[in-house]
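Student: Could you take me through one part of this fold up close, strand by strand? I'd like the pairing and what sits around it.

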Amino acid sequence: MKSFKVKKENYKFGIVSKDVVTDPELSLGAKGIYAILSTYLNKSRTCFPSIGTIADIANVSCSTVDRRIKELKDKGYIIRINRKLKLK
C-alpha cells in the first residue's frame, strides 16, 4: 500500500461539522463556503475573512458568497457577531 505526504509548508486545514456535511437541505455551495470559513477559524471558532477573499477562493461572485452565508445563518450553522462570523 502506498502512502502519500503533502509537500506544502504552512499547510492549513479546517474541521467541518458532520452535521453540515450530511444536511440534505444545505446546498453544496453552502457546504463549500462553510469549509472555507473553517480554515480561517481561531481557537474560539470565530473568523473574519472578507467576502471578496471567500469569493476568490471559491471562484464565485461576492453575491453568491452572501447568499450561501445567509443560507448557513438561516440553518443556524453560523452566526454573525459584528464583523466576525462564528461557526457552530
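Predicted model: local features only at pLDDT ≥ 70, side-chain atom pairs only at ≥ 80, totals over all residues.

Tutor: Let's start with I79, whose bridge partner in β3 is K86. Residues are numbered from 1 along each chain as its sequence is written, and side-chain values use heavy atoms, with hydrogens and water left out.

Now the strands themselves (DSSP E runs of at least two residues, numbered from the N terminus; helices are H or I runs of at least four). β2 covers residues 78-81 and pairs with β3 in the antiparallel sense over 4 bridges. On the other pairing, β1, residues 46-47, is joined to β3 by 2 bridges, again antiparallel. Two strands count as paired if DSSP finds at least two bridges between them. Between β2 and β3 the hairpin has 2 residues, and N82 takes a positive phi near 55° there.

β3 itself, residues 84-87, has two faces: L85 and L87 make up the covered one, K84 and K86 the uncovered one.

Stepping back, the protein has 4 helices and 3 strands, and the order along the sequence is α-α-β-α-α-β-β. Of its 88 residues, 28% count as buried (under 20% relative accessible area; exposed is over 50%, partly exposed in between, with a 1.4 Å probe and protein chains only). The C-alpha atoms fill a box of roughly 45 × 30 × 25 Å, taken along the principal axes.
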